[in-house]
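Please read it with the sequence and the model at hand.

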Amino acid sequence: MLYDPTRHEALLPIAWDEGRVHRAITHIVDDTERHYSPDRYWPIHPRDAEPDDDPALPATTLYWGACGVIWALHHLQDVGAVQLSRSYVDALDQLLVRNRAWLNPSNGRGVASYLMGDTPIALLAQGLRPSEANADHLADLIAGNLDHPARELMWGAPGTLLAALFLHEHTGDTRWAELFRQTADQLWSQLEWSDEHDCAYWTQDLYGHRSTYLDAVHGFVATALPLIRGRHLLGEPAWAAWQQTIVRTIERTATWHEGQVNWRAWLKLAPGQSPKLLMQFCHGAPGFVICLADLPSAELDPMLIAAGHTVWAAGPLTKGSNLCHGTGGNGYTFLKLYRRTGDTMWLDRARAFAMHGLAQMDADAAKHGHLRYSLWTGDLGFAIYLWHCLHGEAAFPTLDVFYR
C-alpha cells in the first residue's frame, strides 16, 4: 500500500463555511497575541517539546518557534487577513541571541540553518527593519553555508539557496543572484549517481547519520523547489540540465499502485529494508506536489495529478491540522493542483480538508488548554492555509513566499 491507513482518519462531512473560516483566522491571531510574553514568547505545545530540550530556553526557530510565529502574524497582516495589536520587530534582536543560545553551535554549522538558525530571523528583520549591516550578515550566512554537508532544506545549502532567492526577489540586488548561482553550482557538483535507480541524488550528513532522503524538508525534492522558482537566475543551459535531472529522479523513484503514486523517504535501502512510504508534506507525495508544482514543463503533470488523488484517498492525517505533517500541509497539495490545472475539484478538496482541520484544531485546543503556537507544526501555519483556501491561492508559507 502507498500509505499507512492508521496514520489517517476519515474526512468529516463538514460543509465549507467562509464565515467560520474568517472567524477562525481572527481567533488564532487574537489568541496568539494574547499569549505573547517578551520573556517566553509563546507557550511550547507538548507535541513540540523534545525530551532533551532545556525547558529554560524558549522556542525561537522559524520551524516551530517565535520566529515563525512573528513571520506568520506579520504576513497575515500584510495580506489583509488581520490587523495586529502591535509590531514584533523589537523582539528580533533578542530573538537572535536566544536562538543562538538554543543552537549552542560548537562549530558554526547550524548558525545559517533556514528553518532553525540565524538566517530566517535576519531575513525577517531585513523585511521589517532593513539595514546594510543586516544584509551583510545575511550574505555571510549564505556564503558560509555553501559546504554544509546536510544538503537539505532545514540545515544545509538548499535552505540558504532559498533565502538568496527571496532576497533577490525582494531587493533586485545582484549579489543575491550571484549567491544563488554559487549555491546552485555547489549543489550540482555534489550530485551523485545511482546505477541501481538510474538517476541523480544527494547524500545528507544529518544528525550524525548519512542518508539519501528524496522528500521535502530533508531531501531531493525540497532542493528542487528553489531551483525551479529561481531558474531565471541560472541561465538556460544550466536550467535545462537541472530540469532534466529533477524530472529523471522524480520519475525513477516513484512507486505506483493501481493508478496512484507515492515516493519513498530514502533512495537507498539497507538489505532487507522495505521502502518507507508516508503521506505528509515532509515525507511523501504532498511534499512532491507542492515542491514541483511550478515546474515549467508538463511531463510530470500526470504523476502530480495521480499523487493528488493519492493524498485525497488517504484522507486527513491524525497528527492535527499543521503544515509539516498534518492536514493543512496535505491540503496545499490540492491548492497547488487547483492553481496548476484550473480544475475546481481540487479547490473543493482543499476546502474540505480545511474544515476537517478546523475540527482537529478545536479538539486539540480543548485537550491542551491553548492553541499550538508555531508556523510549521501549529495553528499559525494553518491560519495561512485557511486564508489561501478562501482565495484559491497556493503559496506555501516560507517556501513559496517570505516577503509579500
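The buried residues of H4 are covered by elements that include H2, H3, H5 and helix H6 (157-171), where contact means heavy atoms within 4.5 Å. Nine of the 11 residues of H4 are buried, so the helix is largely enclosed by the rest of the structure. The model is predicted: local features need pLDDT of at least 70, side-chain atom pairs count only at pLDDT 80 or more, and totals for chains, interfaces and linings use all residues. Residues are numbered from 1 along each chain as its sequence is written, and side-chain values use heavy atoms, with hydrogens and water left out.

- Helices (H or I, at least four residues) and strands (E, at least two) are DSSP runs, numbered from the N terminus.
- Buried means under 20% relative accessible area, exposed over 50%, and partly exposed in between (1.4 Å probe, protein chains only).
- The buried residues of H4 are Asp118, Thr119, Pro120, Ile121, Ala122, Leu123, Leu124, Ala125 and Gln126.
- Helix H14 (residues 379-391) has 13 residues and spans 19 Å from its first C-alpha to its last, close to the 18 Å expected at 1.5 Å a residue; the expected span is 1.5 Å times one less than the number of residues.
- H14 is mostly covered, with 12 of its 13 residues buried, including Phe382, Tyr385, Trp387 and His388.
- Helix H1 (18-34), helix H2 (66-78), helix H12 (327-341) and helix H13 (344-368) are the helices against which the buried residues of H14 pack.
- Gly392 follows H14 and has a positive phi, near 65 degrees.

**The S5-S6 hairpin**

- Strand S5 (residues 254-257) and strand S6 (residues 260-263) pair in the antiparallel sense over four bridges; two strands pair if DSSP finds at least two bridges between them.
- Two residues lie between S5 and S6 in this hairpin, and Glu258 in the turn has a positive phi of about 50 degrees.
- Trp256 stands opposite Val261 in S6.

**Salt bridges**

- A salt bridge is a side-chain nitrogen of Lys or Arg within 4 Å of a carboxyl oxygen of Asp or Glu, and the count by this rule is 14.
- Asp93 forms a salt bridge with Arg129, with the closest N and O atoms 2.9 Å apart. This pair links distant parts of the chain: Asp93 is in helix H3 (residues 92-103), and Arg129 is in the loop between helix H4 (118-128) and helix H5 (132-144), 36 residues apart.
- Asp93 is partly exposed, at a relative accessible area of 48%, and Arg129 is partly exposed at 34%.
- Glu178 forms a salt bridge with Arg181, with the closest N and O atoms 3.5 Å apart. The two are three residues apart in helix H7 (residues 174-189), so about one helical turn separates Glu178 and Arg181.
- Glu178 is partly exposed at 35%, and Arg181 is partly exposed at 28%.
- Asp173 forms a salt bridge with Arg175, with the closest N and O atoms 3.7 Å apart. A network of salt bridges links Glu132, Asp136, Asp173 and Arg175.

**Arg229**

- Arg229 lies in helix H8 (residues 220-229) and counts as buried, at 17% relative accessibility.
- Neighbours within four places in sequence aside, Arg229 is in contact with Leu162, Leu165, Phe166, Glu169, Asp294, Leu399 and Asp400.
- The C-alpha atoms of Arg229 and Arg339 are separated by 15 Å, and the two residues are 110 residues apart along the chain.

- A search of the whole structure finds one cavity of 30 Å³ or more. A cavity is a set of points, on a 1 Å grid over the protein atoms alone, where a 1.4 Å probe fits but cannot get out; lining residues have an atom within 4 Å of a point.
- The largest cavity holds about 60 Å³ of space, and its lining includes Tyr41, Trp42, Asp48, Trp64 and Tyr373.
- Tyr41 is in the loop between H1 and H2 and counts as buried at 2% relative accessibility.
- Tyr41 has a positive phi, near 65 degrees, in a residue other than glycine.

**Asp198**

- Asp198 is not a glycine but has a positive phi of about 60 degrees.
- Asp198 sits in the loop between strand S1 (192-194) and strand S2 (199-201) and counts as partly exposed at 27% relative accessibility.

Key:
1 Å grid on protein atoms, 1.4 Å probe; cavity = no way out; pocket = protein on both sides within 12 Å on 5 of 7 lines; lining within 4 Å. Points joined across faces, edges and corners; volume = space filled by probe spheres on them.
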